[in-house]
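Here's a quick look at two spots in this protein.

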Amino acid sequence: MFEMLSTPLIVGLFAIWFCFLLLSYKGQPKGLWTLALANTGERFGYYTMLAVFVLFLGDNFGFDSKWASETFSSFLFFVYLLPLFGGVLADKFGYSKMVVTGIVIMFLGYLILSVPLGGATPAIAAMAAGLLLVSLGTGLFKGNLQVMVGDLYNSPEFKDKRDSGFSLFYMAINVGALFAPTAAIAVMNWAQNSLGYSKADSYHFAFAVACVSVIGSIIVYFLGRSTFAHVTGNIKKSEATAATEKVADVPEESDTKERIICLCLVFLVVIFFWMAFHQNGLTLTWFADEYTATTSTGIESMMFDVRNLLAGIFIVYGFFGVLQSKGVVRVLAAVLIVVGAFFLYNMVPEAGVVTSVSAPIFQQFNACFVVMLTPVSIALFSWLGRMGKEPKAPVKIGLGMLVAAGAYLMLMLSSIGLPAADPVNHTHMADVSPMLLVNTYLVLTFAELLLSPIGISFVTKVAPAKYKGMMMGGWFVATAIGNKLVSIPGHMWGMDLPVVWGTLMGICLLAALFIFSIIKKLNKVA
């Protein structure tokens, strides 16, 4: 009986949680939530595709680890390279025009990918065309939307909320990524079991989900346009807007060169973070598929149902709400805790019940932890800020690299004694506890929260006004290079696992040492 009510109950809790967010962070500019929800839809589609993409390359085209690595990393490279050109175009033609154009192009790319064409050369060519369109559309959409978010905080009343605002934005878009693996697996199972499609062809149904999600994204964007019209970059500025910009925290032209140099140094570190982090779609997915147990039981198995993860998220937010809020917000927080705990209690499986664990499902944990840990991050740094001890953005980025090194250290030590992978056939080699990958994603998420939203906030704050779009593009170029380097561990697949993970750990450590060696220079402009 409870199973029948579980989904409606979690949907109701989700609505309460969203109201709780709006009331708890009402000091943020209104446009933040509209832009965040627009990005949530786009990210849901993107990560639904990405959750199964590297497995699709093997099952549909028979790609070995080297070909799959190059295809995957090249796609990510263009996804994050093209925002540079999107930023340049937006500086000239306006952010909103580029965002809308990008969504349309992305839709066409996902539409091509959703058509089952088999595994021959024409299908490979169609896939390449679809990936190129998705990359181009993302290049026009992603960076420019984030510049618009940054511009919401140029007003003096919001400038001190920039870092927390970007953390909330980052949290919101990860809600989309949280549901993506479950959606991909569910729609593929439906295509196979109900429609009779082969495993290889069922992947295209996951890609079709992305078509629907970007439509939802553009609907949200247009419905909420009035909340961010002043930062679209293509409307005539009023006298009030111009006056606001004069008193905003905009970098002086006299130190333009210094600011650009500092941003480029940060970009250099960012390259190696994304090289390590985006193994989630490549070597970490292979590890899940080839080395991790395919079943789970007991309390552990509850993690593989996204509804239980949502209930856990609600409880965490409720806990912080009870401690920090008053009145209606505290009541909502208490409801989240009580109903969330009731939900989890009733979802505990009976003894002997076995839950199937698919490799793509592990990618939900990063998004889950981003959403769950955001209030922890905001509360921690707000507390440090009140005491005057909050570290500046470059220090947070350096700490993020150290934490990422710790994640791969844990994985390296746990992989000692495991057999080397088969890079051609990708056979199942062992049944490692799923908790190893879950814990790895937890630690990597700590690193991500220290680096990614803080880094984006740093760019929008430090970039000279007339180069803001280009500098945000520079952030994505660094990300693009890092994503291209993702293929290096992929080429190493087949070596001893501690060598693969140890290489990534060493790279993160070197990047951390580099940024701390120039920290004084970076803190001057932070």
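## A histidine in a loop

The backbone oxygen of Pro423 sits 3.3 Å from a polar atom of the His426 side chain. This is a predicted model, where local features need pLDDT of at least 70, side-chain atom pairs count only at pLDDT 80 or more, and totals for chains, interfaces and linings use all residues. Residues are numbered from 1 along each chain as its sequence is written, and side-chain values use heavy atoms, with hydrogens and water left out.

His426 belongs to the loop between α16 (393-414) and α17 (434-462). Buried or exposed? His426 counts as buried, because its relative accessibility is 18% (buried means under 20% relative accessible area, with a 1.4 Å probe and protein chains only).

## Who His426 meets

Setting aside neighbours within four places in sequence, His426 is in contact with Asp64, Ser65, Trp286, Glu290 and Trp493 (contact means heavy atoms within 4.5 Å).

## Helices α1 and α7

Now for a helix pair. The axes of α1 (residues 2-24) and α7 (residues 162-193) come within 13 Å and cross at roughly 165°, so the two are roughly antiparallel (angles over 145 degrees). Phe14, Trp17 and Leu21 of α1 make the contact with Met171, Val175 and Phe179 of α7. By class, that's six nonpolar residues, no polar and no charged ones. The crossing of α1 and α7 is right-handed.

Methods
Axes are lines fitted to C-alpha atoms, for helices over the stretch in contact, and angles run from 0 to 180 degrees between N-to-C directions. Helices (H or I, at least four residues) and strands (E, at least two) are DSSP runs, numbered from the N terminus. Angles under 35 degrees count as roughly parallel, over 145 as roughly antiparallel, 65 to 115 as roughly perpendicular and the rest as oblique. A crossing is left-handed if the near helix is turned anticlockwise from the far one by less than a right angle, and right-handed if clockwise. Ala, Val, Leu, Ile, Met, Phe, Trp, Tyr, Cys and Pro count as nonpolar, Asp, Glu, Lys and Arg as charged, and the others, Gly among them, as polar. Buried means under 20% relative accessible area, exposed over 50%, partly exposed in between (1.4 Å probe, protein chains only). A polar contact is a pair of N or O atoms within 3.5 Å; within protein, one must be able to donate a hydrogen and the other to accept it, and residues adjacent in sequence count only if both atoms are side-chain atoms.
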